[in-house]
Amino acid sequence: MIGVGVRGQAVAGWMFIAPAVSLILLFFFVPVTAGLVLSLTDFVIYAIASPATARFVGLANFAAVLADPVFWTALRNTLFFVLVGGPLTVAVSLAAALLVNSRLARAQGFFRSLYFAPVVTTLVAMAVVWRYLYHPHYGLINHVLGLVGLGPVDWLGDPRWSMPAIVLLSVWKKFGYNMLILLAGLRTIPDELYEAASLDGAGWWAKFRHVTLPNLAPTFLFVAVMTMIEQFQLFAEPYVMTQGGPLKSTTSIVLLMYEEGFRWWRMGYAAAIAFVLFAIMLVATMIQLRLQKEQTT
Amino acid sequence: MRSVVGVALAAATVIGLEGCRAAAGDGVTLRFWAMGREGEVVQELVRDFERENPGVRVRVQQIPWSAAHEKLLTAYVGEATPDIAQMGNTWMAEFAALRALEPLGPLLARSAVDDTSYFAGIWESNVIDGQPLGVPWYVDTRIIFYRSDLFARAGYPRMPGRWDEWRTALMAVKRRAGPAGYALFLPPNEYEPLLALGVSAGSRFLAEDGTRGAFSEPAFRRAFDFYASLYRDGLAPPMRNNEIANLYQEFARGYFAAYITGPWNLGEFASRLPDSLQHAWATAPMPGPDGPATGASLAGGASLVVFRGSRHKEEAWRLVEFLSRPDQQLRFYRLTGDLPARREAWSDSALTGDPRIRAFGDQLTRTVSMPKVPEWELIANRLRDYAERVVRGGEPADTTLAELDRDVSRLLEKRRWLLARAHAGAAR
């Protein structure tokens with residue numbers, strides 16, 4: 001009797017999760033498996049007409065991806081964007097959150113909305129404005145640099161400056177969102193802690209170091225993980241600003257994958273890039289989880 | 001059970017079809033996909049076609065250029081292709097490889113449409129493996145737009161027609177422009193000017209039936225060295241076209257004195273340049289390495305194609321014939337500014353009266369179609385990347401072009417395999 005009851009419960013349990021499981025199977029595992037199969041073939045435009053012309057090529061696509069200098073350039077660009085752009089975004093967000101949260105700040109609501117505005121602005125519209133800002137002759141940025149005696153920089157045209165230019169744009173676009181989350185974290189820190197610290201004679205820096213940061217840690221970690229995942233998926237900024245150029249200096253892995261797959265219909269190759277990116281992100285996430293565990297224990 | 005449903009469905013379909021038939025009189029509705037501005041104005045033209053062909057209705061669907069390629073491919077995969085469509089020349093080989101297009105040979109054999117009344121290079125770009133797959137609708141090629149006042153002041157009232165003289169003229173213009181100006185705007189991210197120089201020097205870019213790259217062979221090498229020298233000698237800035245904020249302002253300002261571009265800019269230059277400059281710009285055909293007769297450019301434009309999956313090929317072909325008539329071609333030119341593909345239309349005063357358009361007419365007699373392999377656009381993009389490495393990255397031309405050839409041959413591996421398989425099949 002008990003056995004039947006348990007089995008009945010198990011069946012009921014499965015039935016409850018069936019909708020979710022079937023959705024995951026249908027929209028996650030099936031496409032992922034199909035993608036994996038695709039990455040082992042040389043599926044190109046010809047195969048759309050007659051699938052029989054797609055050949056099984058084993059790991060040749062993966063070997064080709066790893067031997068492709070453009071892939072390594074794209075990986076380097078993406079890592080630059082993650083390792084420089086990520087921390088910079090978080091740092092600017094934190095600074096903005098502290099400023100807006102400061103007791104001395106007036107019109108906090110106004111500034112909060114102002115800093116959040118770039119997040120909700122369409123990237124394409126922004127790109128038009130930023131292209132003017134970055135213009136080598138009439139751009140505002142070069143004009144300001146000229147006032148302090150720095151030479152004109154060909155922001156989007158010089159391969160050395162194009163990626164920093166994309167990073168700058170993306171920091172400006174994204175910091176408002178993280179700022180709001182950090183602001184919420186700051187508001188949860190009880191005022192008594194600051195008062196106690198003041199009584200102990202702590203200055204601004206000591207309070208920031210020993211009260212703000214430790215209390216903000218969980219929020220901070222969330223912001224850091226989300227930002228990293230987002231940074232790895234760099235696509236829209238170079239797509240609208242530079243189309244990956246000049247000299248591939250702003251081609252990210254996702255942009256490369258998009259071009260190979262949907263522009264040139266080299267589906268097998270594009271699928272292989274997707275799995276390589278998946279492996280990289282898996283490793284990066286595992287490292288972060290390890291760091292998180294160390295921090296919490 | 002299934003058969004009952006089947007019968008019911010079939011009955012419903014028949015009734016549905018009958019309903020349509022009754023509504024449309026004789027009952028044929030052609031689905032016509034046209035892109036961008038052409039899709040807008042062709043609505044006007046097809047009304048006359050409907051009047052001439054009672055019983056045939058044309059439903060024009062306008063598709064933005066940016067989505068057109070994907071939409072056509074998706075339609076092919078989903079077996080939902082239209083009866084007739086406008087198709088860019090560069091896509092033809094791809095859709096031919098998919099066997100999506102109806103071969104027009106038999107239809108042309110008993111038709112008023114005649115290949116000799118078209119510009120040879122343009123017609124040729126529609127013929128794949130000996131079979132015509134499209135009829136040119138309008139044409140497009142690249143020529144030089146230049147500031148005639150600046151060239152005249154530098155001692156060149158006419159644009160020279162030979163590379164070495166052209167170069168001397170550009171140098172004279174550059175000398176007068178000083179360090180802040182250039183003679184020519186030649187964005188390294190536009191590959192068409194380089195391809196035009198290539199065909200002028202006699203290169204056909206691919207060898208062995210489009211299965212190997214031929215970029216390190218002497219013909220292309222000659223064009224490439226000339227191209228690279230324009231940057232090296234400071235005649236053209238190595239700037240991409242998205243790095244200058246406004247092309248027309250810069251042209252008006254004299255930042256550059258010449259630009260290699262297509263017929264759509266005739267209208268743009270006329271409307272965007274200030275009135276004071278309207279008599280100070282002109283067009284000229286591409287110069288050639290050994291004189292004007294060798295100056296060739298690219299055979300571009302769009303054609304009308306009939307899809308293999310269409311159930312109304314006869315009617316679709318009648319629409320192609322209608323749109324190809326010289327009077328309709330002229331009307332289309334007046335509505336869009338697109339240059340007519342039919343040579344008869346070019347004897348009209350609207351075209352012969354304007355010297356800027358005459359230069360296009362002249363160039364159109366010397367156009368070469370691009371290699372007709374589905375991979376061509378990808379290859380042209382690779383060429384652009386490698387060329388940029390030389391003109392901007394300062395890499396040596398020898399090794400870069402050799403590397404490009406290797407890369408291109410890798411991209412064409414699948415094509416070699418398919419051709420070998422087809423040959424083996426034919427031998428058996």
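Helix α4 (residues 69-101) of chain A packs against helix α8 (residues 159-187) of chain A, and chain B holds an open sheet of 3 strands. The model is predicted.

- The strands of the open sheet follow the order β10-β7-β11, and their pairing is antiparallel.
- The edges are formed by β10 (258-261) and β11 (281-284) of chain B; each has a single partner strand, so one side of each is left without a neighbour in the sheet.
- On average, neighbouring strands of this sheet are turned by 25 degrees against each other, with direction ignored.
- In general, the strands of a sheet pair through backbone hydrogen bonds, in either a parallel or an antiparallel manner.
- Strand β7 (residues 143-147) of chain B pairs with β11(B) in the antiparallel sense, over 4 bridges.
- Within β11(B), B:Ala282 is the residue that stands opposite B:Tyr146.
- Helix α16 (residues 355-364) of chain B lies across β7 and β11 of chain B, and its direction makes an angle of about 10 degrees with β11(B).

**The helix pair in chain A**

- The axes of α4(A) and α8(A) are 6 Å apart, and the two helices pack at an angle of about 45 degrees.
- An angle between 35 and 65 degrees is classed as oblique, and α4(A) and α8(A) are therefore oblique to each other.
- The crossing in which α4(A) passes α8(A) is right-handed.
- The residues of this contact comprise 18 nonpolar, 7 polar and 1 charged.

- B:Glu79 counts as exposed because it has 7 C-beta neighbours inside 10 Å, and the cut-off for an exposed residue is 12 or fewer.
- B:Asp209 is located in the loop between β8 (206-207) and β9 (212-213) of chain B.
- With 12 other C-beta atoms within 10 Å, B:Asp209 is exposed.

Key
Residues numbered from 1 in each chain as written. Chains lettered and ligands numbered in written order. Predicted model: local features only at pLDDT ≥ 70, side-chain atom pairs only at ≥ 80, totals over all residues. Buried ≥ 20, exposed ≤ 12 C-beta atoms within 10 Å, placed from the backbone. Pairing = 2+ DSSP bridges. Axes fitted to C-alpha atoms, helices over the stretch in contact; angles between N-to-C directions. Contact = placed C-beta atoms within 7 Å. Parallel < 35°, antiparallel > 145°, perpendicular 65-115°, else oblique. Left-handed = near helix turned anticlockwise from the far one by under 90°. Nonpolar A, V, L, I, M, F, W, Y, C, P; charged D, E, K, R; others polar.
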